[in-house]
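Here are my notes on the model, point by point. Have the coordinates open while you read.

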Amino acid sequence: MKIIDKNGKLFEKISILDIIIVLCVLFIAGVFVFGRTGQLKLPIETKSTVEYVAKLKAYNIEKSERVPFEVGCSIYASTGEYIGVVTEVERKPMISKEKLSDGTYFDYESQTAYDYFLTVEGSGTETEKGIFAQGTFALYPSNSVSTTSKYFAGSVVVLSVEKKV
């Protein structure tokens, strides 16, 4: 007695295709029932509230009478999410590299622009994917972020983000 005959039937009585169709229907019905009753556990992302310190760099800011950043001013993403409050501001002349005719590079200190290094403290959420300001705005190193504050609107680069200790 052969297990599968020449017509594709199992033990000469049941079609293999019929068995596959019945198993698929049972699987789909099982997923539907467990999904409706809440017994099926899907992977969920754990979130926890966290205080963070972010180091930001605003680059190539033209010299002006008004300083664009002050300790105590708030920083927002251009989409409106609150990033945090500035706790420290360091201003340095912007350094650019100039290529000389012999192929070497020379660091040139700008006389008309500054780079601002900001320390910003805020709160948000932390997941396996990183730290998020207001739970939605991702902050991760080397990310260029469009921001606004009282006297500034432009891009900054996230240098680092760490949990506040």
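1. Thr125 is found in strand β6 (residues 105–127); strands here are DSSP runs of E, at least two residues long, helices are runs of H or I of at least four residues, and numbering goes from the N terminus. Thr125 is buried, at 16% relative accessible area. The classes are buried under 20%, exposed over 50% and partly exposed in between, with a 1.4 Å probe and protein chains only. Leaving aside residues up to four places away in sequence, Thr125 touches Ser48, Thr49, Val50, Gly130, Ile131, Phe132 and Gly135, where a contact means heavy atoms within 4.5 Å.

2. A word on what you are looking at. This is a predicted model, in which local features need pLDDT of at least 70 and side-chain atom pairs count only at pLDDT 80 or more, while totals for chains, interfaces and linings use all residues. Residues are numbered from 1 along each chain as its sequence is written, and side-chain values use heavy atoms, with hydrogens and water left out.

3. Now the overall layout. Of its 165 residues, 27% are buried. Take the contacts between residues at least 6 apart in sequence: 61% of them join residues at least 24 apart.

4. Which strands does β10 pair with? Strand β3 (residues 48–62) pairs with β10 (residues 153–163) in the antiparallel sense, over six bridges, and Ala54 has Val161 as its bridge partner in β10. Strand β9 (residues 144–148) also pairs with β10 in the antiparallel sense, over five bridges. For pairing, DSSP has to find at least two bridges between two strands. β9 and β10 form a hairpin with four residues between them, and Thr148 stands opposite Ala153 in β10.

5. Staying in β9, have a look at Val145. Val145 counts as buried because its relative accessibility is 3%. Beyond residues up to four places away in sequence, its contacts are Ile83, Phe137, Gly154, Ser155, Val156 and Val158. Val145 and Val158 are 13 residues apart in sequence, and their C-alpha atoms are 7.3 Å apart.

6. Two backbone angles deserve a check. Most residues other than glycine have a negative phi. Asn60, in strand β3, has a positive phi near 55° and is partly exposed at 41% relative accessible area. Ser142 also has a positive phi, of about 70°. Ser142 lies in the loop between β8 (137–139) and β9 and is exposed, with a relative accessible area of 67%.

7. Finally, the rings. A search of the whole structure finds four aromatic pairs, and ring pairs link Phe69, Tyr114, Tyr116 and Phe152 into a cluster. Rings of Phe, Tyr and Trp (its six-membered ring) pair if their centres lie within 6.5 Å; planes under 30 degrees apart are stacked, over 60 edge-to-face and the rest tilted. The charged end of Arg91 sits over the ring of Tyr114, 4.0 Å from its centre, and Lys92 lies over the face of Phe117, 5.1 Å from the ring centre. The criterion there is NZ of Lys or CZ of Arg within 6 Å of the ring centre and within 35 degrees of the ring normal.
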